[in-house]
Amino acid sequence: MAGQIERIRIFIRVAELGSFARASRDLGVSRSIVTRYVSELEDELGVQLLVRTTRKVSLTVAGQIYLDRTRSVVEELDRARELV
């Protein structure tokens, strides 16, 4: 099972690209991993973050709030890693 930060990173990429398939290609992981990690994150939070249709993925209100709050945190973690 992936760590929470990895699940959040994957959620952010799906939200940015609007697609599980595009996010999986961009991240170099299987679509099933992307789907599973986002589902695990939603289960952990107890809320649906994304609305999935056959044509696209869009954010729920909770998903938009979570994206807005977590994106900067992940960016800061990336910067910290680069600095050390």
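Close-up 1. S24 touches V29, S30, R31 and V34, when residues up to four places away in sequence are not counted and contact is taken as heavy atoms within 4.5 Å. S24 is found in helix α2, where helices are DSSP runs of H or I with at least four residues, numbered from the N terminus. At 8% relative accessibility, S24 counts as buried, a word that stands for under 20% relative accessible area, with exposed meaning over 50% and partly exposed the range in between (1.4 Å probe, protein chains only). The model shown here is predicted, so that local features need pLDDT of at least 70 and side-chain atom pairs count only at pLDDT 80 or more, while totals for chains, interfaces and linings use all residues. Residues are numbered from 1 along each chain as its sequence is written, and side-chain values use heavy atoms, with hydrogens and water left out.

Close-up 2. The largest pocket has a volume of about 170 Å³, the volume being the space filled by probe spheres set on grid points that are joined across faces, edges and corners. A pocket is here an open set of points, on a 1 Å grid over the protein atoms alone, where a 1.4 Å probe fits and which has protein on both sides within 12 Å along at least five of seven lines; lining residues have an atom within 4 Å of a point. The lining consists of G18, S19, F20, A21, R31, T35, R52, T53, T54, R55, K56 and V57, and at least two of its residues come from each of α2 (20-27) and α3 (31-45). Sorted by class, the lining holds 3 nonpolar, 5 polar and 4 charged residues, where Ala, Val, Leu, Ile, Met, Phe, Trp, Tyr, Cys and Pro count as nonpolar, Asp, Glu, Lys and Arg as charged, and the others, Gly among them, as polar.

**Close-up 3. The largest nonpolar core.** This core has 18 residues, and those with the most contacts inside it are F11, V14, F20, V38 and L50; a nonpolar core is a set of buried Ala, Val, Leu, Ile, Met, Phe, Trp, Tyr and Cys residues joined through side-chain atoms within 4.5 Å. At least two residues of the core are supplied by each of α1 (4-17), α2, α3 and α4 (61-83), and α1 gives the most, with 6 residues. Leaving aside neighbours within four places in sequence, F11 is in contact with V38, L41, L49, L50, L59, G63, Y66 and L67.

**Close-up 4. The aromatic pair of F11 and Y66.** The count comes to 1 aromatic pair, by a rule in which rings of Phe, Tyr and Trp (its six-membered ring) pair if their centres lie within 6.5 Å, with planes under 30 degrees apart counted as stacked, over 60 as edge-to-face and the rest as tilted. The ring centres of F11 and Y66 are 5.8 Å apart and the planes stand at 55 degrees, so the pair is tilted. Because F11 lies in helix α1 and Y66 in helix α4, the pair ties together parts that are 55 residues apart in sequence. Both F11 and Y66 are buried.

Close-up 5. T70 lies in helix α4 and is buried, with a relative accessible area of 9%; apart from residues up to four places away in sequence, T70 touches I8 and I12. A62, also found in helix α4, is partly exposed, with a relative accessible area of 26%, and touches V47, Q48 and L49 on the basis that residues up to four places away in sequence are not counted.
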